[in-house]
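Welcome! Take a look at the protein below, and then let's walk through a few of its helices together.

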Amino acid sequence: MKPGPAPGPEDAADELPAVAPQLRELRRRAGLTLEAAAARARLSPAHLSRLETGRRQPSLPLLLGLARTYGTTVSELLGETPAVADPIVRAGGPGAREADGWTYWQAGGSGRGMQALRVHVPPPDSVRGHPQGRGQGELVRVHPGEEWLYVLDGRLRLHLGEAEYLLEPGDSAHFDSLTPHRIAAASSGGADLLFVHTLLQSSLAGLCLGGTSTTHHR
């Protein structure tokens with residue numbers, strides 16, 4: 001008996017679950033006409049229409065292209081339900097990290113559009129021995145995003161553009177990160193604060209504190 005032909009891409013596509021409802025919904029959610037979506041995915045409007053009505057199943061490479069077009073994942077296109085992220089960050093969870101005397105702890109979930117940290121800013125005198133001759137409080141930063149901070153303990157000096165603010169416990173600040181800014185403690189024991197930023201794709205150490213970082217477990 002002769003073996004049957006090896007399965008090809010069309011056979012693999014036939015085994016995929018129906019994606020027509022998801023394709024139509026994602027296109028409408030993106031606010032795209034059939035013609036505009038087809039142009040972005042480098043398809044003819046007729047081909048995309050057949051995919052949306054279930055008259056044709058997409059190949060795996062085509063699924064990847066459509067996922068990029070709609071800013072989603074192949075899993076969502078296939079109607080798979082992603083795992084629900086744990087909304088709770090327990091005390092004593094992720095270890096503390098240190099960079100140039102600053103110490104911070106993760107205070108929010110990973111993979112979010114908003115990152116939350118608990119930060120200890122060292123006192124001004126502690127930066128005198130810094131190997132580069134200056135500490136974090138002297139570094140002016142400018143980058144896309146927004147920042148919010150809330151002082152828990154100690155006093156904090158915040159420079160925003162040409163303005164300077166002295167923040168006490170209970171004070172908070174919310175500003176555009178494209179405004180040149182720098183942060184330093186203004187009390188002998190340093191300052192503790194909650195810090196939230198929206199720049200997701202940079203490393204936390206490089207974004208918030210700069211320099212190299214080391215990890216400590218509590």
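Which residues are buried in helix α4 (residues 45–52)? They are His47, Leu48, Leu51 and Glu52, where buried means under 20% relative accessible area with a 1.4 Å probe and protein chains only. Because these residues cover an arc of only 135 degrees around the axis, they sit on the same side of α4; the arc is that of the directions from the helix axis to the C-beta atoms.

Please keep in mind that this is a predicted model, in which local features need pLDDT of at least 70, side-chain atom pairs count only at pLDDT 80 or more, and totals for chains, interfaces and linings use all residues. Residues are numbered from 1 along each chain as its sequence is written, and side-chain values use heavy atoms, with hydrogens and water left out.

**Around α4**
- The buried residues of α4 pack against α2 (20–29), α3 (34–41) and α5 (60–69); helices here are DSSP runs (H or I, at least four residues) and strands are too (E, at least two), numbered from the N terminus.
- Just after α4 comes Gly54, with a positive phi of about 80 degrees.

**Where α2 meets α4**
- The axes of α2 and α4 come within 7 Å and cross at roughly 120 degrees; axes are lines fitted to C-alpha atoms, for helices over the stretch in contact, and angles run from 0 to 180 degrees between N-to-C directions.
- On the α2 side, the contact (heavy atoms within 4.5 Å) is made by Ala20, Leu23, Arg24 and Arg27, and on the α4 side by Leu48, Leu51 and Glu52.

**A look at α3**
- Leu34, Ala37, Ala38 and Ala41 are buried in α3.
- These residues share the same side of α3 because their arc around the axis is only 100 degrees.
- Ala39 and Arg40 are exposed (over 50% relative accessible area) on the face of α3 turned away from its buried side.
- Among what covers the buried residues of α3 are α2, α4 and α5.
- Arg42 follows α3 and has a positive phi, near 60 degrees.

**How confident is the predictor?**
- The protein averages a pLDDT (the predictor's confidence in each residue, from 0 to 100) of 76, and 72% of the residues score at least 70.
- Confidence is lowest in helix α7 (residues 204–209), at a mean of 39, and highest in strand β6 (residues 163–167), at 97.
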